[in-house]
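Hi,

Here is the structure I promised to pass on. Have a look at it first, and then read my notes below.

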Amino acid sequence: MVLGRYLSYKFIRWESEKAIVWNQANQSAKVTFILLGFSEYPQLQLSSWRYPAPDQFLVFLTIYTVTLLGNLGMILIMKSSSRLHTPRYFFLSHLSFVDSCYSTVVTPMLLENLVVEDRTISFTGCLIQFFVCIFVVTETFLLAVMAYDRFVAICNPLLYAVVMSQKLCSLWLSALYSWSIACSLIYTYVLSTLSFCGTKFINNFVCEHAAIVAVSCSDPYINQEIILVSATFNEVSSLMIICTSYVFIFITVLRMLSTGGCHKVFSTCASHLTTITIFHGTILFLCCCCC
């Protein structure tokens, strides 16, 4: 008798919790977000336009066009030239691809925010847009793998063909994309568990995590902790690989007797170090601002 009551209580409680979750999901599905973007600067909006178009719009459009054409051009050159079929350019072509995808998702939203008055987006659309964080995670670890590639090429050149074989590079790349997709699925799922009510204003021109969480009606603590732990792991682990690789590269360069060899190493690594500084510097700056 007691067991029967206990099971009945558990069943009723489970049904109630399921109904609450289902109700929250239905409410969230009906939510409409409004991307504020540059609404604080009315001189950039459509209503204040005069021909020619505002300088800011042309600047963003030019940067996006140059970025897209540059990345696609690099991919075509590296695919068409057999001399560039090496691990270094293999990873560089994927870095160009990832950068093109991320730019194509973010920048058109920014440009649209400048030219349209209706900036509404559905909750589902916001989740799909947020899913593109896969490209951020992918780029984070691609830069780390490229640092390791430079480490092997400079510190262990005799083992380079074995360590950086085409098969191993493909396996690493597959693992990298798989981990990025897994992270994006986790991020998107925990974000979808939040409940929203009515029309919400997002102070951004894209659906960014912090801006979405800020307008949630439910407690975002668990959501924020999961994102924080995962993002910290990705950032710290990739930076450890990069820093360790370049410490060994620096030690190897100090042991070189030839100034020509030192110059060649620095010229080889300069572009990669510049990209790392800009990418991770931006991420760390945003993390400091959020804190």
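A word on contacts before anything else: two residues are in contact when they have heavy atoms within 4.5 Å. Among the contacts in the protein chain with a separation of 6 or more, 79% are between residues 24 or more positions apart.

Some ground rules. The model is predicted, so to speak of local features we need pLDDT of at least 70, side-chain atom pairs count only at pLDDT 80 or more, and totals for chains, interfaces and linings use all residues. Residues are numbered from 1 along each chain as its sequence is written, and side-chain values use heavy atoms, with hydrogens and water left out.

Now the overall layout. The protein chain has 10 helices and three strands; these are DSSP runs numbered from the N terminus, with helices being H or I of at least four residues and strands E of at least two. From the N terminus on, the order is α-β-α-α-β-α-α-α-α-β-α-α-α. Of the 291 residues, 37% count as buried, where buried means under 20% relative accessible area, exposed means over 50%, and partly exposed is in between (1.4 Å probe, protein chains only). The accessible surface of the protein chain is about 17,300 Å², and 71% of that belongs to carbon and sulfur atoms. Those areas come from the Shrake-Rupley method with a 1.4 Å probe, and for residues only the protein chains shown count as cover.

The UniProt record (an unreviewed entry) puts "transmembrane region" at residues 57–77, 89–110, 122–148, 169–190 and 238–258. Bear in mind that UniProt positions are given in the numbering used here, feature names are shortened, and annotations may be inferred rather than shown by experiment. In the model, residues 89–110 are 100% helix and 0% strand, with the end C-alpha atoms 31 Å apart. Residues 169–190 are also 100% helix and 0% strand, and there the end C-alpha atoms are 32 Å apart.

What about the inside? A nonpolar core is a set of buried Ala, Val, Leu, Ile, Met, Phe, Trp, Tyr and Cys residues joined through side-chain atoms within 4.5 Å. The largest one has 53 residues, and those with the most contacts inside it are F91, L142, L191, I212, I242, Y246 and I249. Helix 5 (133–155) is among the helices that each supply at least two residues of this core, and its share, 13 residues, is the largest.

N234 sits in helix 9 (residues 221–255) and is buried, with a relative accessible area of 4%. Its side chain makes a polar contact with the side chain of W179 (3.0 Å). A polar contact is a pair of N or O atoms within 3.5 Å; within protein, one must be able to donate a hydrogen and the other to accept it, and residues adjacent in sequence count only if both atoms are side-chain atoms. Beyond its neighbours within four places in sequence, N234 is in contact with residues including T140, F141 and Y187.

T140 itself lies in helix 5 and is buried, with a relative accessible area of 4%. A polar atom of its side chain is 2.8 Å from the backbone oxygen of V136.

For contrast, T282 in helix 10 (residues 259–290) is partly exposed at 40% relative accessible area. The backbone oxygen of I278 lies 2.6 Å from a polar atom of the T282 side chain.
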